[in-house]
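I opened my notebook to look up how the parts of this structure touch. My entries follow.

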Amino acid sequence: MSSLLILSLLNGLAYGLLLFLLSSGLTLIFSMMGVLNFAHASFYMLGAYLGFQLSAVTGFWVAIIISPILVGLIGAAVERFGLRKVHAQGHVAELLLTFGLAFLIEEVVQLVWGRSAVNFVLPQILRDPMFVLDGVAYPTYRIFMMAVALGMLAVVIVFLRTTRVGLLVQAALGLPRMVGMLGYNVPRLFTQVFAVGSALAGLAGAIGGAVLVTEPAMARELGPIVFVVVVVGGLGSVFGAFVASLIIGMVQTLAIGFDRPIYAMLGFGSPGEGGLAELWSVSLAQIAPLLPYLLLVLTLIFRPRGIAGTRDL
Amino acid sequence: MKHVIGTVAVSAALVFAPMAQAEEPIRIAFVDPLSGPLASSGELGLRHYQFAVDEINRNGGVDGGRMLEVVPFDSKASPQETVLLLRKLADEGFHYVSQGNGSSVSAAIIEAVEKNNSRNPDQTMVFLNYSAVDPALTNEKCSWWHFRFDTEVNQKTAEMTDFIADNKDLKRIYLINQDYSFGHAVGDAARSMLGEKRPDIEIVADEYHPLMKIKDFAPYIAKIKASGAQAVLTGNFGADLTLLVKAASDAGLDVDWYTYYSGLLGAVTAMGDAGVNKVYELSEWHENIDNPELAAFAGAYKEEFGDDWRYMRVKFMFGMLAQALDEVGDDPAKVAAALSGMSYDTPLGQAVMQPENHQIIMPQFVTVLSRDVPNDLEGTGIGRKTIREFPAQSAVVPTTCQMKRPG
């Protein structure tokens, strides 16, 4: 295998796992409460900014633990004092609330930290290369990012499968009203799930903000792709979200590494000039950012329950 | 004694100020994105405008004591919105419109101004462009009423490739640009000019990536590495530049970067030490140019806004506008005639608004990011250092403009 292929696969894996860390929380929230939380990516951004702020005081390692906890608390407050109040008005009111919240958080972040990027950097130990492949260093933080995401996947799955609360959550994912009838406090369960989901987004932000860039546009830019992961992965399935994240990460990365015009990919010769030639000459890398959304549309049409969903959307 | 003089000056200003204000101020419409994703660069431009105008007003204004006033309008980065806005500005009697973010918006303004000025020859408008650099605006789309105060892509690339051509060790270069009109203009210009000046340099790739959508540039970096390039030329700005350079540094990619926008908002902060001694930029001024007048001006801005002064061309633009207003008064048709072909003495040398296409030529500098500089950007300890100076004349490039003077 060429080193470009290996690197592309590794990069795709790392990006996919970051996506998973970000969207796993939304999968839980969306499946359980039916709330299309537009502010989910804003929690990701908050995690990054709080991580940046805290790391100046406590250092990076403590910051990436405290920051998600704070974001989780903010998430709990949003659910308890916002979503629960408007719940009676139905999903549209909830959706509008999170929609407004996303803008609010973005403006607040700009007021507090300014409009340009902040200097949130990883500690040197994570920046050092883990190994060097054919002259390209592979930084440790990518491996670290993968490890954290896989660790969280394991924790969430074990929690859902084996603990009593986990079983309740699973039940409430499918039949929330029945669980309520049985005497369990479903609203409190909602708050907890919302908090955990937000905290996972906060964790993704604290790591992703340092690895990529921490700026006010980061939520807006990553927001839509999270919904793709949730829908393609399927309602109620953390594992589905995992697979969907990896597919999206791999597709995007490989499309860049092995770029060629569409006509060549489909096995045709060069279309020459004029007519639709320009369209056929669009390269794979240029359309790579569209592919997730294409996948979203196709999933909704042909397989509404996604990869591993428990019910149709 | 100094105290007394100061007091006298202040009271004189107080006495004379009301007289100067008796006449209406000359209004300049600032049309740039003030909401949405590009709001931060729009607001940055607006602060520059207000600061540059304040300086002129403090020194007595223009045309025998009239003040200048900048009135902001939100273009929403949309040509359609801007065309509607222009109609409103014409109704409200604005003579001067200025914009810089987005060449598609500039093209729409040129068209709207042309239309207005041919229908209402008594109510003409002049368009001052401070940043939109698509070559078309001073070539096939050129207009008598449009004046560009920034060098366009072909001019920038001509100087940058001159600089690159001097690097005898360079054999393989990688072009990566944003997939839209500006990025393609940079890529095309670089390819043809390098081919002319240094046919021995192999252009190993001419890559275009989606605009402002890539979060992780690692896949591109792997490709650049695999290509064996020694240097990368890119017109990228904003996140597309910072993420690219950061990803390269993390992958240990050891190449030189030839850029146009690494001094913009947030870029140096995001790149940090990854950019030091690696990132070259072409610009009309930078914070370590040893010129007391401009340094004091930039320092006063930093004092007031806590942020670095970036676009010295905004100061030069208002200097030229003031010179025209002083000469001919507030008559847009006469101002346009005065600006066309105007020579203006900047503290760094002469700038000329070329009459054949209304494109400025001015001295420019190739810089490299360095820690070994007296002044830094964004408090990073990293600033720009001059590597090479280009006189205004080096920015002369051929134009296809057929300038039509009205009347």
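Into which domains is chain B divided? I found domain 1 (2–151 + 290–361) and domain 2 (154–283 + 363–395). The bounds come from an automatic or database domain assignment.

I noted what I was looking at: this is a predicted model, where local features need pLDDT of at least 70, side-chain atom pairs count only at pLDDT 80 or more, and totals for chains, interfaces and linings use all residues. Residues are numbered from 1 along each chain as its sequence is written, while chains are lettered from A and ligands numbered from 1 in the order in which they are written.

**Inside chain B.** I looked up the centres of domain 1 and domain 2 of chain B, taken over C-alpha atoms: 29 Å separate them. Next I checked contacts (C-beta atoms, placed from the backbone, within 7 Å). In chain B, 16 residues of domain 1 are in contact with 17 residues of domain 2. On the domain 1 side, helix 2 (39–58) and strand 12 (349–354) of chain B each give two or more residues. Strand 12 of chain B has the largest share, four residues. Helices here are DSSP runs of H or I, at least four residues, and strands are runs of E, at least two, numbered from the N terminus. I sorted that domain 1 side into seven nonpolar, six polar and three charged residues. Ala, Val, Leu, Ile, Met, Phe, Trp, Tyr, Cys and Pro count as nonpolar, Asp, Glu, Lys and Arg as charged, and the others, Gly among them, as polar.

**Between chains.** The contact takes 28 residues from chain A and 27 residues from chain B. Helix 1 of chain A supplies the largest share of the chain A side, five residues.

Conventions: Two residues are in contact if their C-beta atoms, placed from the backbone, lie within 7 Å.
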